Amino acid sequence: MDRFFKLKENNTTISKEAIAGITTFFAMAYAIIVTPNTLSATGMEWGAVFLATIISSVIGTLIMGLVANVPYAQAPGLGLSAFFVYTVCGQMGYEWQQALSMVFICGLINIFITVTSIRQMIIKAIPLSLQNAIGGGIGIYIAYVGFTNVGLFNFESGVPALSAINTPQLWVFAIGLLLTIILAVKKVQGGILIGIILTTIIGIPFGVTHTGDSVNFAEAVRALPSTFGAVFTSKGIPALFSDPSKLALVIVTIFSFSLSDTFDTIGTFIGTGRKTGIFTQADIDSIGKGKGFSTKMEKALFADATATSIGAIFGTSNTTTFVESAAGIGAGGRTGLTSVVTAICFILSAFMAAFISAIPYAATAPTLVVVGCMMLSSFKDINWEELSEAIPAFFAGIFMALSFSISYGIAMSFITYSLIMIIKGKAKDIKPIIIVMTALFIINFVLLAIV
């Protein structure tokens, strides 16, 4: 095992990787319940989506661990799931089979741009200052996710406000945050996982920790045929392209799916990988220099690309690399063994849905806040006295958090970076791939405003 995962080379141990894998799972386990809750609003069977979500998460995470040997886990992204339900099916009026077909095609596009090294070229072209900005931005984003998951901030008055700490969920969150900070400062091994477990237990007398309603494994298996392979039926891909007048809208929607999926992953890899040494600058510089997928980054990108189409075939929305993987990385995960352990947890969760759903946001939110704080250290490598670095970094962090989208944060950092370079008369120093991606982001914003 040490030889396969290169544990000693990465200064880690089996126990540390196991703790990290379980920590990652607990931090993202909500996706197992929230994804079917969201997608079932389109008419999809809850049990089918539940099992499809687990299957796609297991396959994607195992590829990430066994092929790329990196500690990242995959699951359907909640932002993209919401886009699937409320925009594609709700506002645009597409059937869920057609929406799944869009996700499937998006996955094929991601595989294509990975095999042809386009995604790798994008990563390699991102200036060091923007890489640090993305890393720090994800720190703000992941902490903000933690705060909003428990409702610490509210917008009831039309402006952001701090909620009154007068609910059981916020009481448990406050206790859990204090415990997690203590464990982190004391550098207790497995402290993040211990914090999640203790906070979950503390939530029981407060009524915050309780099992949720779900179907059992047998019921989920019986429901799965209703979504499995739906993209290949007459209601799937053929129906999606049956109306020529809607072809432009279909292309725009697939483009939006693909752009968000691609840059969410790129942001997660850069933001969490560079700081911890999982992906070094040397790894990024080596991209494209070997035959096939010769670097960890290239293998990880391929693992991520395959998961979306697999998930769509089984019946779930875009499967992507979860930013909550940062929780396991923060707990010490450095190799693919972390991902394998997370995948095993996903498998077990298929038989224990009620218990997994008992883990409250109040127990996982403190972890996201503390890990987000750790990731902010990427900002220290930015020259804040130099506005050409400071402005893109600022927009990366603010837009990731307030728009609840990693890809939008990256979009604004690209746009402001390009604008500043033009103002400074250094447009020729902008790498062509950055120019292309900036233009695509702008086009995407325009199309979303028009459509």
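Leu337 is buried in this predicted model, because its relative accessible area of 7% falls under the 20% cut-off. This residue belongs to helix H17, which covers residues 336–349, and among the residues in contact with Leu337 is Asn69.

**Around Leu337**
- Although Leu337 and Gly65 are 272 residues apart in sequence, their C-alpha atoms are 6.1 Å apart in space.
- When neighbours within four places in sequence are set aside, Leu337 is in contact with Met1, Phe5, Leu7, Ile14, Glu17 and Asn69.

**Around Asn69**
- Asn69 sits in the loop that runs between helix H4 (46–68) and strand E1 (74–76).
- With a relative accessible area of 13%, Asn69 is also under the 20% cut-off and therefore counts as buried.
- The side chain of Asn69 reaches the backbone oxygen of Phe5 at a distance of 3.1 Å.
- Not counting residues up to four places away in sequence, Asn69 touches several residues, including Phe4, Phe5 and Lys6, as well as Arg334, Thr335, Gly336 and Leu337.

**Nonpolar cores**
- The largest nonpolar core has 46 residues, and within this core Phe263 and Phe414 are the residues with the most contacts.
- Leaving out residues up to four places away in sequence, Phe414 touches Ile126, Leu130, Phe263, Ile434, Met437, Thr438 and Phe441.

Conventions
Residues are numbered from 1 along each chain as its sequence is written. This is a predicted model: local features need pLDDT of at least 70, side-chain atom pairs count only at pLDDT 80 or more; totals for chains, interfaces and linings use all residues. Side-chain values use heavy atoms; hydrogens and water are left out. A nonpolar core is a set of buried Ala, Val, Leu, Ile, Met, Phe, Trp, Tyr and Cys residues joined through side-chain atoms within 4.5 Å. Buried means under 20% relative accessible area, exposed over 50%, partly exposed in between (1.4 Å probe, protein chains only). Contact means heavy atoms within 4.5 Å. Helices (H or I, at least four residues) and strands (E, at least two) are DSSP runs, numbered from the N terminus. A polar contact is a pair of N or O atoms within 3.5 Å; within protein, one must be able to donate a hydrogen and the other to accept it, and residues adjacent in sequence count only if both atoms are side-chain atoms.
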